Amino acid sequence: MMQVSPADFRLIEKIEWLFINNREKYPEYFLLKTGAKKIDSSKRGNVLYGISTHTTLAVQYPSGLVSADVVIKEKTYQEAMEEPQIFLDSEEFEEEFLPDVSGNTSGRILKILCCRDPSTKKTYISFVPGEINKADTAMAWKFHLTRAEYDTLHVEA
Amino acid sequence: MISLFDKSKFFRHGDLLIVKISSIPKSASQTSTNIIAVGEKTGHNHELNGSHQIYELGYPTLNGVTGYFTAKQDLEVKHPEHNTIQIPKGNYAVVHEREYNLLNNFEIRVVD
């Protein structure tokens, strides 16, 4: 079971909302808005991005307690709860991409795969499990394949 | 990751993966359609063009298989938005693409 803070959970809900509203028509906007950073790309055109929740986790509660273990940006509790969209402005976050800390309760790297349909050339984005670090492995996962099996998949339309 | 398919041939058609298998499971039941996957949002279906028999499960399996078909001859898989692909004679499983749900399996840490 993954452990997250309430602020973390609310943020992920917001990211999910942004995802649902932009995945069909504006996938690039979603990547820009969430400050997604490229982790890996493949010759097959698959690109794996990471969205760090570290940059949004540092929430200062009224008691003075800071919820995140890694403090990058300090925001007030009210800002975090009432205006979480301010955390999604990519211009505010210019930090280097953080290492994968899946399982750490202080935050996560959300992994999102960006791929292009071979027939329509349309761009699609979808979330994949946090432990995946390669774009082609992410694509293999989407189809219940091993990476070796995906490498043998040549007929795509 | 452990392979769920045994050195199979794979064909991707949009959000579907078509996997060559040795035989159709006995639990699958015959249907009288040429649609192997319904386009739930767009209404655009993935359809077989050629002599075939489609089998349905009624439930997804652990490896994402949602149905099967027998190609009695080399046939085509068609869809309005995707290029047509050629499928050789044989038995096949139909696997649907999956997605990771961010909001599953969370345990919220209470801060008071």
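## Chain B: surface and fold

Chain B exposes about 6,500 Å², and carbon and sulfur atoms supply 47% of that area. The model is predicted. Of the 112 residues in chain B, 43% are buried.

The secondary structure of chain B comes to zero helices and eleven strands. Among contacts in chain B with a separation of 6 or more, 55% join residues 24 or more positions apart.

## Nonpolar cores

The largest nonpolar core has 26 residues. A:Val128, A:Leu145, B:Leu17 and B:Tyr68 have the most contacts inside it. Helix α5(A) gives the most, with five residues.

## Salt bridges

The count comes to eight salt bridges over all chains. One of them joins A:Lys122 and A:Glu24, with the closest N and O atoms 3.4 Å apart. This pair links distant parts of the chain, 98 residues apart. A:Lys122 sits in the loop between β6 and β7 of chain A, and A:Glu24 in the loop between α1 (6-22) and α2 (27-33). A:Lys122 is partly exposed at 30% relative accessibility. A:Glu24 is partly exposed at 36%.

A:Lys142 forms a salt bridge with B:Glu97, the closest N and O atoms being 3.5 Å apart. This pair crosses between chains, from helix α5 of chain A to the loop between β10 and β11 (106-108) of chain B. A:Lys142 counts as buried because its relative accessibility is 2%. B:Glu97, at 29%, is partly exposed.

Within chain B, the side chains of B:Glu76 and B:Lys78 meet in a salt bridge at 3.6 Å, N to O. B:Glu76 is partly exposed at 23%, and so is B:Lys78 at 34%. Elsewhere, salt bridges that share partners join A:Arg44, A:Glu156 and B:Arg12 into one network.

## A buried glutamate

A:Glu149 lies in helix α6 (residues 147-151) of chain A. Which side chain of opposite charge is nearest to A:Glu149? It is B:Arg98, 9.4 Å away. A:Glu149 is buried yet has no salt bridge. The side chain of A:Glu149 does reach the backbone nitrogen of A:Thr146, at 2.9 Å.

## A loop residue

A:Thr120 lies in the loop between β6 and β7 (123-128) of chain A. A:Thr120 is partly exposed, with a relative accessible area of 31%. A:Thr120 and A:Asn22 are 98 residues apart in sequence and 18 Å apart in space, C-alpha to C-alpha.

Note on methods: Residues are numbered from 1 along each chain as its sequence is written. Chains are lettered from A and ligands numbered from 1 in the order in which they are written. This is a predicted model: local features need pLDDT of at least 70, side-chain atom pairs count only at pLDDT 80 or more; totals for chains, interfaces and linings use all residues. Side-chain values use heavy atoms; hydrogens and water are left out. Helices (H or I, at least four residues) and strands (E, at least two) are DSSP runs, numbered from the N terminus. Buried means under 20% relative accessible area, exposed over 50%, partly exposed in between (1.4 Å probe, protein chains only). Lys and Arg count as positive and Asp and Glu as negative; His and the chain ends are not counted. A salt bridge is a side-chain nitrogen of Lys or Arg within 4 Å of a carboxyl oxygen of Asp or Glu. A polar contact is a pair of N or O atoms within 3.5 Å; within protein, one must be able to donate a hydrogen and the other to accept it, and residues adjacent in sequence count only if both atoms are side-chain atoms. A nonpolar core is a set of buried Ala, Val, Leu, Ile, Met, Phe, Trp, Tyr and Cys residues joined through side-chain atoms within 4.5 Å. Contact means heavy atoms within 4.5 Å. Accessible areas come from the Shrake-Rupley method with a 1.4 Å probe; for residues, only the protein chains shown count as cover.
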